[in-house]
Amino acid sequence: MRNTSKSTPSSTSVITLSQAIFTVNRHAKTAGNPKYLYSLKKRALMKMIREGKAKKVGLHFSNNPKNSQQQSDVLIDCGDYTFHIPPSKEDFKALPHLGSLNQSLRNPRCKMGLQQAKGILEQYTGMSEQNEKPRKPGKNNYQKPVFKKLGDSYF
């Protein structure tokens, strides 16, 4: 079931990429603004699926559904690691539903720093954090309306 091929046509191996995704995903869970890390993870996984380095296995019920009673996530097998991403409409039609997540299966630990992992994935996907940073809330461009006295011209 797991894709453990070590040789790949690109310069980055499946093992290195999956360890980088694991590190980014682990840090995103506790980050103050995890949006960039999750989008980096998703883009890397989607590119790996297109290249045949990872594959979609099926759907799992989510442990933390947002606004509904049940929510499903796509299970992706990538080297020795498995990950979840949000499903698309096509995923519900094409993939089998595997039921609840098996809590006994865990990803292997790896010792990779967040900056190294982000660098690997940014190089692989071509994404950069400067393009993804949200604008800081600064001074509004709002101007109060000016009310003229009755009979005065606006010009």
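Here is a walk through this predicted model, from its overall layout to its core and the helices packed around one another.

Let's start with the layout. Of the 155 residues, 32% are buried. As for how the chain meets itself, take the contacts between residues at least 6 apart in sequence: 65% of them join residues at least 24 apart.

Now for the inside. The largest nonpolar core has 29 residues, and the members that touch the most others are Ile21, Met48, Phe83 and Leu121. Two or more residues of this core come from each of α1 (14–28), α2 (35–51), β2 (72–78), β3 (81–85) and α4 (114–125). The biggest giver is α1, with seven residues. Leaving out residues up to four places away in sequence, Met48 touches Val14, Leu17, Ile21, Lys53, Ala54, Cys78 and Tyr124.

On the α1 side, the contact is made by Val14, Leu17, Ile21, Val24, Asn25, His27 and Ala28, while α2 brings Leu37, Tyr38, Lys41, Ala44, Leu45 and Met48. Sort the residues in this contact by class and you get ten nonpolar, two polar and one charged.

From α1, the residues involved are Thr16, Leu17, Ala20, Ile21, Thr23, Val24 and His27; they meet Leu114, Ala117, Lys118, Ile120, Leu121 and Tyr124 of α4. By class, that contact holds nine nonpolar, three polar and one charged residues.

The remaining pair to visit is α2 and α4. The axes of α2 and α4 come within 10 Å and cross at roughly 50°, which makes α2 oblique to α4. This crossing is left-handed too. On α2 you'll find Tyr36, Leu37, Leu40, Arg43, Ala44, Lys47, Met48 and Glu51, and across from them on α4 sit Leu114, Lys118, Leu121, Glu122, Tyr124 and Thr125. The class tally for α2 with α4 is eight nonpolar, one polar and five charged residues.

One last stop is a glycine. Gly79 lies in the loop between β2 and β3. Is this residue buried or exposed? Gly79 has a relative accessible area of 1%, and buried means under 20%, so Gly79 is buried. Look for Ile15 while you're there: Gly79 and Ile15 are 64 residues apart in sequence, yet their C-alpha atoms are 6.0 Å apart in space.

Terms used
Residues are numbered from 1 along each chain as its sequence is written. This is a predicted model: local features need pLDDT of at least 70, side-chain atom pairs count only at pLDDT 80 or more; totals for chains, interfaces and linings use all residues. Side-chain values use heavy atoms; hydrogens and water are left out. A nonpolar core is a set of buried Ala, Val, Leu, Ile, Met, Phe, Trp, Tyr and Cys residues joined through side-chain atoms within 4.5 Å. Buried means under 20% relative accessible area, exposed over 50%, partly exposed in between (1.4 Å probe, protein chains only). Helices (H or I, at least four residues) and strands (E, at least two) are DSSP runs, numbered from the N terminus. Contact means heavy atoms within 4.5 Å. Ala, Val, Leu, Ile, Met, Phe, Trp, Tyr, Cys and Pro count as nonpolar, Asp, Glu, Lys and Arg as charged, and the others, Gly among them, as polar. Axes are lines fitted to C-alpha atoms, for helices over the stretch in contact, and angles run from 0 to 180 degrees between N-to-C directions. Angles under 35 degrees count as roughly parallel, over 145 as roughly antiparallel, 65 to 115 as roughly perpendicular and the rest as oblique. A crossing is left-handed if the near helix is turned anticlockwise from the far one by less than a right angle, and right-handed if clockwise.
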